[in-house]
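Trainee: I would like to learn how to read the features of a protein model. Where do we begin?

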Amino acid sequence: MSQQPRSIVIIGGGIIGCTTAYYLTHHPSYSTDTKITVVEASVHGAAQGASGKAGGLVARWAYPQPLVDVSFDEHVRLAELHGGSERWGWRYVNCGSWDGHGEELPAEELLNGKEGLNEEGGLGDRRKSLEKTLGLEGGKPLGKRKEKETGLPPDLTWMHSDLTKSYEPMAPQGDTAQVHPYLFTQSMLALAQDCGASFLPSTRATSITTSPTGQVTGVQCTITHAQGGRSQIPTEMITNQIHLDATHVVLAAGAWAPRLVPALPLTGTRAHSITIHPPARMLPIAPYVLFTEITLPPSSSRANNVHRSPEIYARPGPDGEVYACGPGDDAPLPESVDDVVVEPGACEDVWEEHTLISKTPSLYAMPRPSLLTANADPHEVLCHHFNVMKPIISSNDSSDAPNMIQLSILRPPHAIPDAPLPTHVLFAASSSGPPLMFPIHASLYSMGFRADLPTSDGTPPPVLNSSLNTITVPVVRVSIPHPPTLALLLLFALALEPSPHTALAYRLLPPSAVEEFPNSAAMAAVLARGSGLAGLVERNEGMWRNVLALGVSDGKVVEMVGMVWSVTKEARRARGRLQTINK
């Protein structure tokens, strides 16, 4: 009698589910007769929860020890086998404890981004330790350490030495390493798919079905489709029920697992983290993982709770990134990972704590909710970020550029203290209508672009009129290849939008084309068959020419816009070939 082919359904597209798919497809006894399917509830794909937003720490001193004894060496093997250093940022790092006091911030810095914060805005007494250091010092959480010589390593230049009371290594060299968790999880899934595994996003498992004898028969799922384009708030949601037949089910749903098997003793902890992209002049960032103990200064908005202990990790990559996270809390578990609510006050906590002790924060790196929804005008969104009304000039004559322009402030600055007001307005002549004007901040511009802001030494400073609720700023004439796409480019190049860089692709290409990523040929084929290709060619070529003309510093933005333009060009060539064949 021939054995029934196995059909394995893995519930959960996080690091456990994706690595399970990887190991099954790479097992010596695996053949394509075995069907392996990973289902993930998120409409955005794999690694949307903790698996993509954690710190990515890999350590021999972690816990539980029996698991660590296997996992660390396995990480080394996977990195060597699949090029992990290039693919998911695998590297060895230094690990230490940093004890010191927060910097007393000047009054103007408190007013430009931190005024109005209070303990109610953060987690308050709902804070919950994540206990990541339990593998060290006899299993006790990290606490205050005895003061001694600072011991700050000479290459740890992204921490303030004059604020340091002590630094102590926490583990021997070679015992601590790091991956980028999102890239690692996505890579494991891709490697499994290369060997035949299937992945179903937007597919929430609702029950595990069994036969009368208790044998697993499959997984009942709800598939969700967003109508009206991909956005944070879809215009319409359509759901369908399906049943996936299975001989085996692997439950890797993390905190959501008890929804399917209530007897499982699992609970979830919500934690907030932020990522910071330092200015280019600070790169490279030395590879350190720091467990900190900060004594807050009196100027801190959290000074009624004088000690904080954020974790701060340098991350690999040519563009540099610093990851920082705070404690967790016991927020109720939502229906799916897409419904997790980010508490802005908790992110503000981590941001402020990091700002007080590190040199890496940029002027406007604090995460905030995205304003760039599916139908939003990027020009309006740019102005909203700078808290001013959209500047408009009625004349089509590009020579009518004023030297100064008065902008109406949307809301009093104290109402949105983390939004800097503009210092200048860019004036760009447009061949399709009146000149366009874009509010910007000079410091952000210098970090976002390699080309300098073309101002003269005699340029007057901005003038804020609180009584009229206006700000008057100098106007800078710029030569831009394609002004209509400049607002969108500014949102991402200046890091005003917290959306992933893939969100930029969804603004430049139809969702049906982006869904084929990373298969550029398939993306181009979708464009070639669709309507409106001529408009896409004009817009995407203009966007790419803007990137080249201004010298965008963010390599990910450059890469994304370049990919979009390459796909669009190929679609234009494919359309031409189709028209030739049909003649």
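Predicted model: local features only at pLDDT ≥ 70, side-chain atom pairs only at ≥ 80, totals over all residues.

Trainee: How many helices and strands does the protein chain have?

Mentor: The protein chain has 15 helices and 22 strands. Of its 583 residues, 47% count as buried, where buried means under 20% relative accessible area. Among contacts with a separation of 6 or more, 73% are between residues 24 or more positions apart.

Trainee: How do I read a sheet?

Mentor: Strands of a sheet pair through backbone hydrogen bonds, either parallel or antiparallel. Take the open sheet of four strands, whose order is β8-β2-β1-β12, with parallel pairing. Its edge strands are β8 and β12 (248-251), each of which pairs on one side only. From one strand to the next, the twist averages 20°.

Trainee: Which strands does β2 pair with, and over how many bridges?

Mentor: Strand β1 (residues 7-11) is joined to β2 by five bridges, and the two run parallel. In that pair, valine 9 is opposite threonine 37 of β2. Strand β8 (residues 198-200) also pairs with β2 in the parallel sense, over three bridges. There, valine 38 faces phenylalanine 199 of β8.

Trainee: What unit do β1, helix α1 and β2 make?

Mentor: Together, β1, helix α1 (residues 15-25) and β2 form a right-handed β-α-β unit.

Trainee: Why is β2 said to be largely enclosed by the rest of the structure?

Mentor: Strand β2 spans residues 35-39, and four of its five residues are buried, so the rest of the structure largely encloses it.

Trainee: Which residue caps the N-terminal end of α13?

Mentor: Asparagine 519 does, with a side-chain oxygen 3.3 Å from the backbone nitrogen of alanine 521. Helix α13 itself covers residues 520-529, and its buried residues are Ala522, Met523, Ala524, Val526, Leu527 and Ala528.

Trainee: How should I read a nonpolar core?

Mentor: Look for buried nonpolar residues joined through side-chain atoms within 4.5 Å. The largest such core has 67 residues, and those with the most contacts inside it are Leu426, Phe449, Leu489 and Leu504. Helix α15 (residues 555-582) gives the most to this core, namely nine residues. Apart from this core lies another, of 26 residues, including Cys18, Tyr22, Val76 and Leu189.

Trainee: Which residues does leucine 504 touch?

Mentor: Leaving out residues up to four places away in sequence, leucine 504 touches Leu488, Phe492, Met543, Val557, Met560 and Val561.

How values were computed. Residues numbered from 1 in each chain as written. Heavy atoms only, no water. Buried < 20%, exposed > 50% of the residue type's maximum accessible area, 1.4 Å probe, protein only. Pairing = 2+ DSSP bridges. Right-handed = clockwise from strand over helix to strand, strands pointing away. Polar contact = N/O pair within 3.5 Å; in protein donor to acceptor, adjacent residues only side chain to side chain. Axes fitted to C-alpha atoms, helices over the stretch in contact; angles between N-to-C directions. Contact = heavy atoms within 4.5 Å.
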